[in-house]
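Today I'm looking up salt bridges, and I'll jot things down as I go.

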Amino acid sequence: PHGSGKTTLMRGLTGLIQANDRVYGNVLLSGQDVLKCEPTDALLPLGYCPQRLVDWKGKGKEVLRPELTVHQLLTLFARVKGVPPFYEEEYRDKMVQQFKLKDIIEQYFHALDMFEKKKVSLACAFVHNPHFVVLDEPFEDLDDYQIDSLLIMLKRALDGKALLLVTRNVQAAGLLVGSSGRLGVLDDGVLVAIAAKRRLLQLY
């Protein structure tokens, strides 16, 4: 539900907030504790798509730089995430194909509609071919047709990757998580249930 602590937990798991009196424990990624090291040291194998595409403090500032084109954003994220220059074009073109960005590749981010912004944000999360992907409410503010389209794209992009999905859309989660996957229920920052997909869908 809203206010259950999902986004705060994701920000901690991805190193966007450091350990403090409210966020504590250990989060190991590739053998490094995300909460205690520099984010750039531990997060290269990680792909993260945030819930909101505007500043989390609610000031209306875009998370992705609005003055850049889609092409420039994908190139920027590839470089930040350590893609060798020789492979930048290959990795970028793969995202353009997987998330159907060809028609908007030279458009500015701020000029895109919500569905297009979602696709670009996801492409930026996947552009460096991460082993582990965290998606925070990727289906929010989308209609049923857009959700179905995004599910098809995500299933292809997630092939061979580990996924941590945060969503209130249980039906979409059930379709995206494989038969061997597990679903959990978070309430007020506490994981109150976790089980195999089939079992949890029966309960909730």
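Predicted model: local features only at pLDDT ≥ 70, side-chain atom pairs only at ≥ 80, totals over all residues.

**Entry 1: a pair to start with.** I began with Glu137 and Arg168, whose side chains form a salt bridge, with N and O 3.0 Å apart. Where do the two partners sit? Glu137 is in the loop that runs between strand 4 (132–136) and helix 6 (144–157), while Arg168 is in the loop between strand 5 (162–166) and helix 7 (170–176). The pair therefore ties together parts that are 31 residues apart in sequence.

**Entry 2: buried or exposed?** I checked Glu137 and found a relative accessibility of 3%, so it counts as buried. Buried means under 20% here, which is the cut-off I needed for that call. Arg168 has a relative accessible area of 32%, so I wrote it down as partly exposed.

**Entry 3: Arg168 again.** Which other residue forms a salt bridge with Arg168? I found Glu140, with the closest N and O atoms 3.2 Å apart. Glu140 lies in the loop between strand 4 and helix 6, and Arg168 in the loop between strand 5 and helix 7, so this pair ties together parts 28 residues apart in sequence. Glu140 has 16% relative accessibility, so I put it down as buried. Because the salt bridges share partners, I can draw Glu137, Glu140 and Arg168 as one network.

**Entry 4: the whole structure.** How many salt bridges does a search of the whole structure find? My tally is three. I still had Glu88 and Arg79 to write up: their side chains meet in a salt bridge, at 2.8 Å from N to O. For Glu88 I noted a relative accessible area of 9%, so this residue is buried. Arg79 comes out at 55%, so Arg79 is exposed. The cut-off for exposed is over 50%, so I'm happy with that label.

**Entry 5: a look at another arginine.** I then went over to Arg199, which I found in helix 8 (residues 197–203). Its relative accessibility is 46%, so Arg199 counts as partly exposed. I also looked up how far Arg199 is from Arg182: their C-alpha atoms are separated by 9.1 Å. Along the chain, these two residues are 17 residues apart.

Methods: Residues numbered from 1 in each chain as written. Heavy atoms only, no water. Salt bridge = Lys/Arg side-chain N within 4 Å of Asp/Glu carboxyl O. Buried < 20%, exposed > 50% of the residue type's maximum accessible area, 1.4 Å probe, protein only. Helix = DSSP H or I, 4+ residues; strand = E, 2+ residues; numbered from the N terminus.
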